[in-house]
Each structure stands twice: as C-alpha cells, then as structure tokens.
Amino acid sequence: MATATERVPGAPERLLGEEVLRVRGLVKRFGSTQAIRGVDLEVRSGEVVVLLGPSGCGKSTLLRCIAGLEAPDQGTVTIGGLDVAELTPRELPLLRRRIGFVFQGSHLVRRLTARQNVALGLVAGGTPRDEALAQADGALEQVGMAWAAERLPDQLSGGERQRVAIARALVNDPLLMLWDEPTASLDPVVAHEILQLMEQVVAQTERAMLMVTHQVGFARKVAHRLVFMDGGRVVEAGPPEEVLAHPTSPVARRYQALLGA
Ligand code: ADP
C-alpha cells in the first residue's frame, strides 16, 4: 500500500503507512453474553485509533481478541498480513512479541526488578541476557524510569509501575501497541502525567496504536480516528474533529457533551 501524509487538525501530522491490523466480522461470546457482535477495524502504521464507548460495550474483549488472549468465536484478526488463527503454536508467540499490550494495571512480576521485568520478554524470545538488560535500560530511560531499574514493583507507586509497563511494551519494538485504559486506576494528577507520556510515545512512533481510554480530551488530541462502540458493535467512526462536531450516534453525542464541544 502506498504511504500518504494525512493531516488531522489538532493531531500531529504523520506518515500513515501500511495496514498493520485488520479485524473482520469478529464475534465473541461468553456463555449467553455476546461481548462482540461483528466488528470490522483496521489500523495502519503510524496511526492512532482510540476506542470509546460505555463500560461493558466490548472494548477490552476486542483488544484481548486482537492480542490472542481470547479466541474469537467468528471472524478474523490479521496482523502484519498474517491471519492469527492460522499461526502454528510455535509462530504465535513470535507474533505476540510484536504486540505491545499496556493494561489497566501494570501486571509486573513482583519478584523481579523493573529492569528484569522489562527485559523478560526479550530473554524469553532468545535475546542474550546482557543485551536484553541493556535494551531494558534504554526503554526505562525513555519513560523516565532509569533511576528505578533495580527497584521491585512493590517499591514503586502506581504511576511508576505503569511507566515500567509502558517500557516493557516498547522494548520489543512492537508493530502494534494496544492500550487498555492505562490511566483508569490512577489518581488524576498521575493519570495526567501518564497521558503526557503516552502522547510523547505516540508522537515519536511509527507504530500502529489502538487505545481504549475514557479521556476524551486526550483522544481528540492524539487520535487520527475515533471508533465508538456500543453493545458489542462499532456504531460510529471517523476523524475526531468530524465525529465530535457532528456525532450521529447517542454514544458519540455523549462524548461530545463531555467535551462541551
Ligand atoms: P468494556 O471493555 O467495554 O468495558 P468488556 O469487553 O470488558 O467491555 O466486556 C464486554 C461484555 O463481555 C460485558 O458484558 C462483560 O461482562 C462480558 N465479559 C467480558 N469478559 C468476560 C469473561 N471473561 N467472562 C464472562 N463475561 C465477560
């Protein structure tokens, strides 16, 4: 696919590249609950797509299906041109390593230092230990946490742990980054600092980014595209300036009202 520069008012100008993620007809049930009812979605390299919608509308489940943490009941997830369902058990972990997942909580290993936590995925992927630790130091530096390399997670605050989790996602040089409400469990001041860090990561990257956040002001600022979900479906999508100026779905209207737009 040809690359093109696309200007989004309010969002940094960037070069959008090839399609990294393609989701088609995704359906996921939990017993009698239909969490996802047929979702199509694409994200290109350099593109920031933010998923918005009420609690329980399926955003986390969608991210988890994309990351291969849940198996969809129907539909396909293609990452970097590879159909995830067709990968062999040996290939799947290789692809997973190219996906950086930042969760609501930091999910760090408590008995490992910040540095070891960040290096863990690299070592598991076969990178020699010293090289992995050196790369981990670089990633910690990037998120302002070089000073905490030898600290255990319990010796860090919630916001600091989340910074380490972001370093852990970045260190693998992911094709695709998935962010699932990374500021949800933080107090407003720390949440603001993490949003600033996320903005910095987004501005420096050529990666494809898919984020779930309720921080609509942040979403408007950084996203190329907002995707509104309701009841397991995509109900509206488009550039922030367009969809927030002229929302057509009740969900998008609610977010518009939140902004006082
Ligand atoms: P959101 O991230 O938008 O808040 P979720 O994806 O977490 O929504 O949830 C979508 C729906 O699927 C909800 O009804 C939720 O209760 C249900 N659900 C999510 N995960 C599970 C699970 N592991 N088992 C049963 N139901 C689940």
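Reader: In which sense do strand E3 and strand E4 pair, and over how many bridges?

Author: Keep in mind that this is a predicted model. To read a strand pair, look at the direction of each strand and then at the bridges. Here, E3 (residues 19–30) and E4 (residues 33–44) are antiparallel, with 9 bridges between them.

Reader: How many bridges join E3 to E6?

Author: E3 and E6 are joined by 5 bridges and also run antiparallel. On that side, Val23 faces Val77 of E6.

Reader: Where is Asp73 found, and what is it in contact with beyond its sequence neighbours?

Author: Start with the loop: Asp73 lies between helix H1 (59–66) and strand E6 (74–79). Setting aside neighbours within four places in sequence, Asp73 contacts Val27, Lys28 and Arg29. Its side chain comes to 2.6 Å from the backbone nitrogen of Arg29.

Reader: Now the core: which residues touch the most other members of the largest nonpolar one?

Author: Those are Ile166, Trp179, Leu226 and Phe228, in a core of 49 residues. Helix H6 (residues 188–204) gives the largest share, 7 residues. Another core, apart from that one, has 32 residues, including Leu51 and Phe101.

Note on methods: Residues numbered from 1 in each chain as written. Predicted model: local features only at pLDDT ≥ 70, side-chain atom pairs only at ≥ 80, totals over all residues. Heavy atoms only, no water. Core = buried A, V, L, I, M, F, W, Y, C linked by side-chain atoms within 4.5 Å. Buried < 20%, exposed > 50% of the residue type's maximum accessible area, 1.4 Å probe, protein only. Helix = DSSP H or I, 4+ residues; strand = E, 2+ residues; numbered from the N terminus. Contact = heavy atoms within 4.5 Å. Polar contact = N/O pair within 3.5 Å; in protein donor to acceptor, adjacent residues only side chain to side chain. Pairing = 2+ DSSP bridges.
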